[in-house]
Amino acid sequence: MIENKNYMHNKNIKLWNGYINGQGCGNVANMRYGLFPMSFNGCEIIALYNFMYSIGRKMELKDVAREAYPYASVLMGIFGSAPKKIGRFLDDHGIEYKRASDFDEFVNNFEKSESALIAFWVKLKSGFYGIHTVFIRNIDGKVRVYNRSNGNPRPVDYDKMSDFLKNPKHLIVSFCCGDKL
């Protein structure tokens, strides 16, 4: 299976110990998911990795990719992963969450949570809408976004959710987690 072949490739790539930002930066860009490098399609996998890191359940990115691939990948990774399938990974690891596709419900859940995984539509310069999935943290009511863009190796902070996700209709799905829920 392709996830095992990619695992063998990925295990030879050394990553730093910590959050991953900028999936097109550094060694993570050369890791594989499906038929492509993670710089192209790894955002859901990176979001899951960052979430697990944040709660102290450190996993290697190569392990997250191999585990999620059979049920989450879309067309051998051509379209990355199906964001709504992220819940299965959380379920398999016994993580409680509140799922929402409605923006107002998501914001309400996020205000009471420590973190979230969020998938949303991104309008690209070509006019085509792509999907991006990120891990976010609630830091005293502000939003810290990890892996915000392909080329930014740092998290990005926003004062409020509407500064980050400007169009509420762009929300696809969210998974809010944390002790405050």
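## Salt bridges, cores and cysteines in a predicted model

K160 and D163 form a salt bridge, with 3.5 Å between their closest N and O atoms. Welcome to a short tour of this structure, which is a predicted model. A search of the whole structure gives five salt bridges and zero disulfides. The largest nonpolar core has 33 residues, and another core, of 18 residues, lies apart from it.

**Salt bridges**

- Let us stay with the opening pair for a moment: K160 is partly exposed, with a relative accessible area of 44%, and D163 is also counted as partly exposed, at 25%.
- D159 is the partner of K142 in another salt bridge, at 3.3 Å from N to O.
- This pair links distant parts of the chain, 17 residues apart: K142 belongs to strand β6 (residues 142-146), while D159 sits in the loop between β7 (156-158) and α7.
- D159 counts as exposed at 52% relative accessibility, whereas K142 is partly exposed at 42%.
- E60 and K62 also meet in a salt bridge, their closest N and O atoms being 2.8 Å apart.
- Here E60 is partly exposed, with 47% relative accessibility, but K62 is buried, with 12%.

**Nonpolar cores**

- Which members of the largest nonpolar core touch the most other members? They are I45, F51, L61, F89, L90 and L117.
- At least two residues of this core come from each of α3 (43-54), α4 (61-72), α5 (86-92), β4 (115-123) and β8.
- Helix α3 gives the most to this core, with eight residues.
- L117 has contacts with A47, L48, F51, I86, L90, V134, F135, V173, S174 and F175, leaving out residues up to four places away in sequence.
- Apart from this core lies the other one, of 18 residues, and its members include F103, F106, F110 and L171.
- As general background, nonpolar side chains in soluble globular proteins tend to be buried together.

- The buried residues E3, N6, Y7 and N10 are found in helix α1 (residues 2-10).
- They lie on the same side of α1, because they cover an arc of only 105 degrees around the axis.
- M8 and K62 are 54 residues apart in sequence, and their C-alpha atoms are 8.8 Å apart in space.
- I13 is found in the loop between α1 and β1 (32-33).
- Is I13 buried or exposed? I13 counts as buried, because its relative accessibility is 18% and the cut-off for buried is under 20%.
- I13 is in contact with N27, N30 and M31, leaving aside its neighbours within four places in sequence.
- I13 and F120 are 107 residues apart in sequence and, from C-alpha to C-alpha, 29 Å apart in space.

- H170 is located in the loop between α7 (161-164) and β8 (171-177).
- H170 counts as buried at 19% relative accessibility, since the cut-off is under 20%.
- H170 touches A119, F120, W121, Y129 and L165, not counting residues up to four places away in sequence.

- C43 is buried, at 6% relative accessibility.
- C176 is in no disulfide either, and the nearest cysteine sulfur, that of C177, is 7.1 Å away.
- The cut-off for a disulfide is sulfur atoms within 2.5 Å.
- C176 is buried, with a relative accessible area of 0%.

How values were computed:
Residues are numbered from 1 along each chain as its sequence is written. This is a predicted model: local features need pLDDT of at least 70, side-chain atom pairs count only at pLDDT 80 or more; totals for chains, interfaces and linings use all residues. Side-chain values use heavy atoms; hydrogens and water are left out. Helices (H or I, at least four residues) and strands (E, at least two) are DSSP runs, numbered from the N terminus. Buried means under 20% relative accessible area, exposed over 50%, partly exposed in between (1.4 Å probe, protein chains only). Contact means heavy atoms within 4.5 Å. The arc is that of the directions from the helix axis to the C-beta atoms. A nonpolar core is a set of buried Ala, Val, Leu, Ile, Met, Phe, Trp, Tyr and Cys residues joined through side-chain atoms within 4.5 Å. A salt bridge is a side-chain nitrogen of Lys or Arg within 4 Å of a carboxyl oxygen of Asp or Glu.
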